[in-house]
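Please look over the sequence and the structure first.

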Amino acid sequence: MGFISAVRDIGRRRIEESSIYQDFDFRFLQLPMTPLFERDQKKHEGNIRPSYVIQVWLSVEDPNASILQVRGIDNIVRTQYLAGGMSFEQAPRLFCYRRPPGNNTSWRYSPVYNLDKQGSNKIDAHIQSIRTQILEDYEKSGLFPEGSVELIVDELTKREEEIEERWSERNRPHIIAFGISHEGGFLYPGEIPAFVEYYRNKIEEKVYRTAFSGFCVLCERESDKCVNLNQVFKFGTFDKPGFLPGTKENRSSIRKVFPICLECFSEIAVGREHIDTFFCDRSTIRDISLYVVPELIFGSDMLEMTDQAFRDFIRNGLSRERNMFRGLARRNEALVYHFVFWEAQQAQERIHLMIEDVPPSHLKQLEYVWTETAGVFELGDERKTLDYALGEVVRVIRSFAGESEQDQKAMQMYAISVIGKLLNNEPVDVKTIKTLAVSRLPGLVHDDKWLEYGSANARRLAAVVDFLNRCARRG
């Protein structure tokens, strides 16, 4: 509950600070692409890795009409995502974007299409997906008149080479956003009344109408409008009969799991979007997302009494931290951290580990212990950080894995459990790590890649074992 409450508190603070959220429907908006922050101090500190928007400029008779009379496509332009002074707060509103319940749905909240997660590099396949996943429902709902879909798809097909040129950097994230050509500029979906109204109708249909009466587990009040937490976090789903809590997808089981009122739901939705952007580490452990959610010990009201640097940390998160854990360790003792290790698996978000209520002083102690180890092994100053220590634990344990994906996955999960014990101030069974190392040595000494750096690898293993032993002795 501490993690969920902390997310809600962050969302509540964001709602208070930003006028955009005074419109209740807009609290459910999201960024169409999560920005990835560079942590290379020499080149990109605080900067965002480039990602791009391919704008499709529709020509319409009247941009303010409730039914958009499409005449064709005026232009196709590529621009850098969040360019031109567009802020993190403005982007969800301009794109009027919210992720659909699943990739197989035949509609989207916004005319925005992700090019990078659809499993094909052929633009003609993407055009057909745009037809079925976005455009056809606009025509079916009456936002486009009959024949508009064929017109748009035909023009996109004729301009495939032009789109291919805009999508030349396949290793960079790209989205296609449909908007309107107006007075020589591009109107984003959120600037077009018909698209905004379509979004509101979908929120009404998929959120408000599916709500049920119940008792909110967060604010502890009765409400005639409750939804389940799975609409924000896909940690639990209702699509697996016979597996609790999802015995069957029916109203009675949904009411019993984690009902929250719409007000709390909206605050958690805003909070999750903020932590996804600013408090999520995606680089420490491969394929694993790590939420680091701060919570004030004495509640959110204390935020008003803290200094500006602390308020900036709540607002800007970890994006400006080159060494994340070192930055966390140096924060005010008026807060604690909640750590959640999770992995996206199709429609589900699987939690591997959750550690709650970790004070900055404990992280500072862990880093101090590592500096002792670093001194013994004569490591350079750039390696005397807790970030390097925890990364080294993961790298060393992963090196014990064989070639099979299953073996590598098992070692990674074990590495996560070790990190969890360190963060939770629990002793790590160092004997298990030593046993793993000894059992793997016969294979490793026949591995040319490992032998190339054999002495260094052995030294790294010794450093990790020394670090874990020191942590166990400190208790």
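Over which residues does pLDDT stay under 50? pLDDT, the predictor's confidence in each residue from 0 to 100, stays under 50 over residues 39-46.

## Model and confidence

This is a predicted model, in which local features need pLDDT of at least 70 and side-chain atom pairs count only at pLDDT 80 or more, while totals for chains, interfaces and linings use all residues. Residues are numbered from 1 along each chain as its sequence is written, and side-chain values use heavy atoms, with hydrogens and water left out.

The chain has a mean pLDDT of 86, with 87% of its residues at 70 or more. For residues 39-46, the model has 15 contacts (heavy atoms within 4.5 Å) beyond four places in sequence.

## A three-stranded sheet

Helices (H or I, at least four residues) and strands (E, at least two) are DSSP runs, numbered from the N terminus. Two strands pair if DSSP finds at least two bridges between them. An open sheet has 3 strands in the order S6-S7-S8, paired antiparallel. Its edge strands, each pairing on one side only, are S6 (212-215) and S8 (259-261). From one strand to the next, the twist averages 70 degrees.

Strand S7 (residues 222-228) is joined to S8 by 3 bridges. Val227 has Ile260 as its bridge partner in S8. Helix H8 (residues 262-278) packs on this sheet and touches S7 and S8, its direction making about 95 degrees with that of S8. Such angles run from 0 to 180 degrees between N-to-C directions, with axes fitted to C-alpha atoms, for helices over the stretch in contact.

## Aromatic pairs

The whole structure holds 23 aromatic pairs. Rings of Phe, Tyr and Trp (its six-membered ring) pair if their centres lie within 6.5 Å; planes under 30 degrees apart count as stacked, over 60 as edge-to-face and the rest as tilted. Phe144 and Phe195 form an edge-to-face pair, 6.4 Å centre to centre with 75 degrees between the planes. Phe144 lies in the loop between helices H3 (123-141) and H4 (148-158), and Phe195 in helix H6 (residues 193-208), 51 residues apart. Both residues are buried (under 20% relative accessible area; exposed is over 50%, partly exposed in between; 1.4 Å probe, protein chains only).

Ring pairs also link Trp57, Tyr81, Phe95, Phe186 and Tyr188 into a cluster.

## A loop residue

Asn332 is in the loop between helix H10 (324-329) and strand S11 (335-345). Asn332 counts as partly exposed because its relative accessibility is 37%.
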